Amino acid sequence: LAVVGTGALAACSNAPGTTRTNFAAPARLRPLAGQRVVQHQLTAKATSLDLGGTTVDTWAFGDTAPGPLIRATAGDLLRIRVDNQLPTDTSVHWHGIALRNIADGVPGLTQDPIAAGSSYLYEFTAPDPGTYFYHPHVGVQLDRGLYAPLVIDDPHEPGNYDLEWVVVLDDWIDGTGRTPDDVLADLTAASGDSSDSMGGMDMGHMSMGGNPPFGDAGDVTYPHYLINGRVPTAPDTLCAKPGQRVRLRIINSGSDTIFTVALGGHRLTVTHTDGFPVQPHETGALYIGMGERYDATVTLGDGVFPLVAVPYGKEGQAMALLRTSSGAAPAATVHPAELDGPILEGAELLPAEASRLSSREPDSNQMVHLSGQMMPYRWAINGAPYGKNDPLLVNGGDRVRLQMMNMTQMTHPMHIHGHTFALPSGLRKDTVLVKPMSALAVDLQADNPGNWMTHCHNIYHAEAGMMISLNYR
Ligand code: C2O
Ligand code: CU
């Protein structure tokens, strides 16, 4: 929500839970001695894209979706000018980066929106290596095609691979004559003003036992699923040689879809999630929620191999190709056998020693109670939608335990800005799938002062209220 609430709320714009305006321009950052500066210019604009035989009119960063890869090395100073040529306000959020609060890109919380026709300079240091992405933090703009990968390299990592492939997954709605804003309007239209009488239970969407393991699938049906902006009939293709090692950097930039990913004929060795190293874990396939990232390495066989992403609980699939020989491409509907074997869930991973959060008893406990339903379409944290719920208040330096409690029939990918949290195993993540009717406690070190959004990365849920801010006192 760019701006939440009514005129009445705006009148008390510094009250808890409301948004404010008139942020000062961020102080300029000068590079420290020896610090490298990485500069980019991004243009958010209306454009038409060829998804591979299907042309769509949409919004993007430049003339591609995903937009341009931004790449830097940990410790670099990034200077990114965003030129807003959209017909409306926007912003850019650097998802997963522990950056200074004022560059976090959340209108009403860290900055004023970037008005149509104006530009804004984001300057921040990226402290931690990893696979990230960027997208607006205004409405459901992410689902228009405004998303792109952001890779922060590790100056100390040996880089034990020959090639890298950034794999960006998406569920694509534009080009159907309905925009994401239309879809959100339809979802919320039935809501009316009647109050929630179901105690937050998802009665309208209740399916006995659900659809294991994530309960009900998303709320939106998509005509296309994409890898790197391509439909399966005209797939993005990486050419390599047999025996080469490839590092996959898999990003789910979908707005409403958990994917299952497999590379036909190969096992994936997962090495990182959400940027942080894990104890290498081999699997045939993995689940990836909205906003999550997984890095995996593979040693390539000889042939043409489909990289397939199947939307959880929905029809269709996304596909790209990895080609080490000149054989015929598989059909767009190919189903790699790996998808029928065990599928790795992020929570099964263990942290690499170096990324383990030191163990410490929490100084404070914060309740993050998720509720909501399809009919009326209303999602909330701690009993109220964003703008009406009270921010979580923390002290700098504290170890904070977030007690996430999902009281719905759906899995929610819960994301926190500016921090990572540790799962009970010590695994560090910034986005975690919280399953239906279940609880998950995660710990974070309050080491990055500011006001930080915490929300479901189903962008429709977030926009319908499933957000809260975590504010330093
Ligand atoms: Cu990609 Cu507020 O998130
Ligand atoms: Cu959600």
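I began with the UniProt record, an unreviewed entry, which places the feature "domain: Plastocyanin-like" at residues 50–156, 223–324 and 362–471; its positions are given in the numbering used here, and such annotations may be inferred rather than shown by experiment. I noted that this is a predicted model, in which local features need pLDDT of at least 70, side-chain atom pairs count only at pLDDT 80 or more, and totals for chains, interfaces and linings use all residues. Residues are numbered from 1 along each chain as its sequence is written, and chains are lettered from A and ligands numbered from 1 in the order in which they are written.

I then looked up secondary structure, taken as DSSP runs (helices H or I, at least four residues; strands E, at least two). Residues 50–156 are 0% helix and 39% strand, with end C-alpha atoms 39 Å apart, while residues 362–471 are 5% helix and 52% strand, with end C-alpha atoms 17 Å apart.

Next I turned to helix α2 (residues 180–189), where I found Pro180, Val183, Leu184 and Leu187 buried, meaning that 20 or more other C-beta atoms, placed from the backbone, lie within 10 Å of a residue's own, whereas 12 or fewer make it exposed. The buried residues of α2 fall within an arc of 95 degrees seen down its axis, so they line one face of the helix; the arc is that of the directions from the helix axis to the C-beta atoms. On the other side of α2, I listed Ala185, Asp186 and Ala189 as exposed. The buried residues of α2 pack against α3 (459–463), where contact requires C-beta atoms within 7 Å.

Technical notes: Two residues are in contact if their C-beta atoms, placed from the backbone, lie within 7 Å.
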